[in-house]
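Please look over the model below before reading on.

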Amino acid sequence: FSFSWQTTFQDGGEEVEDGAVYNVTLKKVQIQQAANKGARWLGGEGDQLPPEHTVRQYETSKIRAIKAGTLEKLVENLLTAFGDADFSYISIFLSTYRAFASTKAVLELLLDRFGNLETSNHGEVANLNSLESEIVLRAEIASVLRAWLDQCSEDFREPPDHTCLLKLLGYLKNNMPNSDMESKVQNLLKQFQSQEVETVDGFCSTSSSDLGDGEELEISNPEEFSSFQDHVVAEQLTYMDVMLFKKVVPYHCLGSIWSQRDKKENKNLAPTVRATITQFNAVTKCVVSTILGTKELKIQQRAKIIEKWIHIAHECRILKNFSSLRAIISALQSNSIYRLKTTWMCVSKDILLMYEELSEIFSDHDNYLTSRELLMKEATSKFANLDSSEKENQKKSQKRLQLQKNKGVMQGTVPYLGTFLTDLIMLDTALQDYVEGGLINFEKRRREFEVIAQIKLLQSSCNSYCLIPDQKFIQWFRRQRHLTEEESYKLSREVEAAADTNVLSPKSQKSMVKRISTLFLGTDVITPPKEQPPKGSPPGGSSGESTDSASVSSCEFNHSETEDVCVTPLSSPEDPLKKCSTSDKGSGSKCSTSDKGSGSKCSTSDKGSGSDSGSSSLTCRTSKVLPVYNRQNGGSCIIRVSMDGINDSVYKSILITNQDRIPDVTQRALLKHNLEPDAVEDYELVQVISEDKELVFPRDANVFYGMNSHVNFDFILRKKA
């Protein structure tokens with residue numbers, strides 16, 4: 001007999017149990033059965049027979065996937081997921097449970113409630129009347145524990161006591177003595193105990209090249225920097241990025257965890273993510289310091305340094321290191337660098353075209369679609385997929401790529417982590433943690449896992465790198481003294497020898513410097529300083545934020561720690577999103593906008609000072625329509641709200657609907673900024689329209705309908721006079 005299968009899926013609705021809701025899918029398998037013998041005589045080709053000579057059988061099976069449930073039900077589902085054909089459940093749960101439970105709580109439920117065969121009243125356990133059933137349950141628990149140790153062993157790192165690991169070891173000694181898993185846990189415990197408690201601090205955790213007692217930070221010597229070959233610099237930056245990215249604990253990136261980092265009690269939260277940010281900022285600041293650090297350089301010499309960094313960025317592209325690539329491009333697009341008109345005029349045309357193509361990778365068009373597609377394409381390829389519209393650059397790229405291939409070693413892919421952080425923050429803002437009945441919304445965790453799985457895939461790819469640290473370069477890199485925003489802006493003006501701060505790069509640069517990218521957005525964003533600081537005010541500063549930030553604006557994740565500062569490139573004044581449609585900048589005119597939803601009026605008043613926030617179209621990377629930043633979708637959207645006078649450059653993402661009025665949004669914003677929500681009446685909400693104008697909302701206005709949807713959804717909460 002011959003068989004052929006055809007599978008179809010059908011939505012089976014929902015099943016509700018006590019403490020859980022399941023999505024049901026019906027899997028229908030059609031089996032065609034026919035005798036091979038005589039098939040040709042009956043008109044069939046091969047095994048295909050005419051319909052009248054084929055026997056069809058149908059088998060229907062039910063697939064249940066838990067949609068929401070209590071913690072107890074979610075843990076119980078770990079044991080039954082395979083029986084329900086929800087094969088990815090264990091990985092999803094282990095990758096995301098830290099958003100709603102602790103390791104201790106999950107382990108106690110798994111071992112004490114479901115793993116204790118004598119005292120458990122769990123239905124599956126209560127009916128155990130045979131040794132066979134007991135063996136099956138123990139096998140299920142062992143399968144979950146094995147996956148937990150393999151995928152998320154860091155969950156058990158709790159120095160100095162390692163309470164959960166000891167509890168697990170005790171369970172294994174009693175129930176699975178002398179098993180491989182018992183040995184594995186013992187080895188893991190010894191490993192944790194033998195390792196010193198590390199404070200991950202940027203790339204210092206990846207090399208032994210700490211500064212000596214007598215060494216001090218220094219401004220880069222151009223000759224020393226020029227002595228390093230471009231590919232060597234790119235390889236060393238990639239080496240440091242790889243070591244840090246491989247250490248990133250995926251759940252640290254979850255929006256519900258990462259968004260809590262600015263609270264005082266969470267200053268050590270998500271150290272592995274902070275470390276990647278520190279390294280990103282160090283690269284960006286190094287670029288700025290090498291270009292501006294030596295005032296005595298001639299214009300041509302400074303242009304050569306810019307060219308060298310563009311070449312290094314290109315080498316990073318060949319190595320598929322998108323983190324350092326973006327850091328370098330961001331620094332070159334920064335305020336203090338792109339305004340160097342005469343210097344940019346001395347950069348060769350071919351290199352400018354190369355810079356333009358590299359910059360296009362991080363275009364914010366369509367939610368950074370280009371960089372997302374390229375990242376996923378590169379993640380599964382052995383070598384970089386290079387393409388250039390300029391023949392000379394294409395020739396050089398292929399030559400360098402061929403050298404990489406000749407080495408016979410595959411390359412991994414290092415992503416720009418900020419893209420994933422942004423996606424997870426937006427998912428966390430857009431989707432509820434709990435649904436009706438107080439059940440944990442596990443559908444949200446499935447959506448988050450789509451992002452987490454990509455991070456894990458890229459981490460796995462990084463094992464393909466074979467890079468050797470160059471201590472000479474690493475020591476030089478660590479010795480660099482980073483310029484503050486004020487220092488870099490001042491030096492930029494001095495080396496340009498022009499008092500006019502309205503100078504832009506040459507005409508050929510305009511398309512390049514128009515890009516604006518909000519780096520490591522998350523929920524907190526530091527807005528860029530204005531390109532034209534008012535006379536008498538410090539140039540380039542961002543409202544008195546960290547003086548250790550780089551030359552442009554900074555994107556701080558914890559104001560008490562300089563490690564969380566990241567550079568944000570500026571848009572040129574030609575950015576269409578920066579133009580106010582109601583009046584010219586500085587005109588002093590006022591305008592009013594009618595509130596479509598409530599009929600109230602919103603006045604637009606001049607703004608004495610302040611700075612624009614970055615413009616980016618941030619959408620959740622999921623298939624369903626979700627609320628997003630900078631776009632009104634289906635009666636909801638996400639806005640960013642800062643507090644005037646209190647870290648007024650830090651934004652928080654707020655979800656609003658077409659039903660929300662000023663008191664609702666104000667209360668939500670106060671809670672997000674860790675302030676008392678009772679003081680709603682003391683604040684007014686305004687939308688930033690441009691550098692000079694803002695939209696002031698009346699007390700009971702409908703925010704969704706009253707806001708200006710043609711500019712950034714950036715708001716300020718200001719205490720009433």
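**Confidence and contacts**

In this predicted model, residues 197-214 keep a pLDDT under 50 and have 34 contacts beyond four places in sequence. Here pLDDT is the predictor's confidence in each residue, from 0 to 100, and contact means heavy atoms within 4.5 Å. Where pLDDT is low, the predicted coordinates should not be read in detail. The protein chain averages a pLDDT of 75, and 68% of the residues score at least 70.

Residues are numbered from 1 along each chain as its sequence is written. Local features need pLDDT of at least 70, side-chain atom pairs count only at pLDDT 80 or more, totals for chains, interfaces and linings use all residues, and side-chain values use heavy atoms, without hydrogens and water.

Now take helix α9 (residues 230-247) and helix α11 (residues 271-292), whose axes come within 8 Å and cross at roughly 165 degrees. Therefore α9 is roughly antiparallel to α11 (angles over 145 degrees count as such). Helices are DSSP runs of H or I, at least four residues, numbered from the N terminus; axes are lines fitted to C-alpha atoms over the stretch in contact, and angles run from 0 to 180 degrees between N-to-C directions.

From α9, the contact is made by Leu237, Met240, Asp241, Leu244, Phe245 and Lys247; from α11, by Thr272, Ala275, Thr276, Gln279 and Val283.

Elsewhere, Gln191 lies in helix α7 (residues 180-194). Gln191 is partly exposed, with a relative accessible area of 37% (between 20% and 50%, 1.4 Å probe, protein chains only). Gln191 and Arg157 are 34 residues apart in sequence and 9.9 Å apart in space, C-alpha to C-alpha.

Terms used:
Helices (H or I, at least four residues) and strands (E, at least two) are DSSP runs, numbered from the N terminus. Angles under 35 degrees count as roughly parallel, over 145 as roughly antiparallel, 65 to 115 as roughly perpendicular and the rest as oblique.
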